[in-house]
Amino acid sequence: MKRVVSIRTRVLGAVVLLNLLGAAIIVVLLHTSLSGGLDAWAQDTLDVSLAVWNQPGGAAQVDAVALNSPVEMKKQLETLKGITGADYGLMMDKASVDQAAYEKAAEAAGQPSSWNERDNFVMVATTNDALAERMQLKTTTAQDVPEIGKLVGIENGSCTAVCHRTIKQEGDFWKVSWSENSKSAAHVVFPVVQEDGTQVGVVYSIGDVTPQAESAKNVIYRTMVGIVVTMLVVAFVIAGMLDVLVFKRLNRMILHMEELSLRVAGGDFDAKYAPSGANDEIGQFEAFFGRFLELMTSTLRSLVGK
């Protein structure tokens, strides 16, 4: 026997599905807003770093000797970190650096040579040796970085790994990637120029934006919970309204019609159907059935009377 699925089940199922679809769309929009917020905080990191770097007495323009001096540049970067809180690495374009002079300066500073660690750049100084490995620009040269700087990418540790599992950190400007340590960080670069205006390197910055990302995530989670609760309430309200205004009335009407049909079949031709008088589709159908029953019983009475 073919299983019958009631209209009530179908309608309520459709309400639930529509609510789930709406929730999915809202989750996508909220996730997009989180990504947009991360971009904004990364831009703030870049703007603040540039402002400090370019302030009077800053290190925006330094001579070639200083640029090749790990000790001198580390002091500049530490000063910058003390103001902004981010970590920095000065990477010189290999085309502007004499390898022998760099290696001699590195040896004098008591640090190993990093000449072969990158394709186009050499790390002269950094505020965090552990983070230096993550400061990578593969194909870009110093001339490719605009004067206003460039957003390299965001490490997002405030979402979920599912959101970013397929995203890989590839290329110089890799945008968003999943953070393996649950921390969110902004990666930005801005150029370093010599006194003659020639761009000879970049400052690579990694700024911690975890507090902002976590705050935004908490707001989004609370918003999602509120939306889910609202949708559930709406679904129950719609289900209740459908039950009261449609399905219960239909059930009563069907039971009444079945009772009248049995009475007529038993010879009670005086059976009448009293419509509810509601001015809606169900009320109109009730009025039609009442007229139809009256016509049918009238016809049956005339036939029996013959």
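This is a predicted model: local features need pLDDT of at least 70, side-chain atom pairs count only at pLDDT 80 or more; totals for chains, interfaces and linings use all residues.

Reply: Residues are numbered from 1 along each chain as its sequence is written, and side-chain values use heavy atoms, with hydrogens and water left out.

Me: How many helices and strands has the protein chain, and what makes a run of residues a helix or a strand?

Reply: The protein chain has 8 helices and 6 strands. Both are DSSP runs numbered from the N terminus: a helix is a run of H or I of at least four residues, and a strand is a run of E of at least two. Along the sequence, the pattern reads α-α-α-β-α-β-α-β-α-β-β-β-α-α.

Me: Why is tyrosine 204 called buried?

Reply: Buried means under 20% relative accessible area, exposed means over 50%, and partly exposed lies in between (1.4 Å probe, protein chains only). Tyrosine 204 has a relative accessible area of 0%, so the residue is buried. Tyrosine 204 belongs to strand S6, residues 199–208. Of the 306 residues in the protein chain, 38% are buried.

Me: What makes the link between tyrosine 204 and histidine 187 a polar contact?

Reply: A polar contact is a pair of N or O atoms within 3.5 Å; within protein, one must be able to donate a hydrogen and the other to accept it, and residues adjacent in sequence count only if both atoms are side-chain atoms. The side chains of tyrosine 204 and histidine 187 are joined by a polar contact of 2.9 Å. Histidine 187 is also among the residues in contact with tyrosine 204, as are Asp87, Met91 and Val152; here, contact means heavy atoms within 4.5 Å.

Me: Why does methionine 91 count as buried, and what does methionine 91 contact?

Reply: Methionine 91 has 0% relative accessibility and therefore counts as buried. The residue sits in strand S1, residues 87–93. Leaving aside neighbours within four places in sequence, the contacts of methionine 91 include Arg118, Phe121, Met135 and Tyr204. The C-alpha atoms of methionine 91 and valine 203 are 6.2 Å apart, although the two residues are 112 apart along the chain. For the protein chain, 66% of contacts between residues at least 6 apart in sequence join residues at least 24 apart.

Me: How do you know that threonine 126 is buried, and where is threonine 126 found?

Reply: Threonine 126 is found in strand S2. Its relative accessible area is 7%, so threonine 126 is buried. A polar atom of the side chain of threonine 126 lies 3.2 Å from the backbone nitrogen of asparagine 128. Not counting residues up to four places away, threonine 126 touches Lys74, Leu77, Tyr88, Gly89, Ala132 and Met135.

Me: What makes a space a pocket, and which residues lie nearest the centre of the largest pocket?

Reply: On a 1 Å grid over the protein atoms alone, a pocket is an open set of points with protein on both sides within 12 Å along at least five of seven lines, whereas a cavity is a set where a 1.4 Å probe fits but cannot get out; lining residues have an atom within 4 Å of a point. The largest pocket is lined by 16 residues, with Ser114, Met123, Thr126, Asp129 and Ala132 nearest its centre. Strand S2 (121–126) and helix H5 (129–132) are the elements that give two or more residues to this lining, and S2 gives the most, with 4 residues.

Me: Why is threonine 297 called buried, and what does its side chain reach?

Reply: Threonine 297 has a relative accessible area of 1%, so the residue is buried. Threonine 297 lies in helix H8, residues 281–305. Its side chain reaches the backbone oxygen of glutamate 294 at 3.0 Å. Val264, Phe269 and Ala271 are in contact with threonine 297, leaving aside neighbours within four places in sequence.

Me: How do you know that proline 70 is buried?

Reply: The relative accessible area of proline 70 is 4%, and proline 70 is therefore buried. Proline 70 is found in helix H3, residues 70–84. Among the residues that proline 70 touches are Ala105, Ala109 and Val124.
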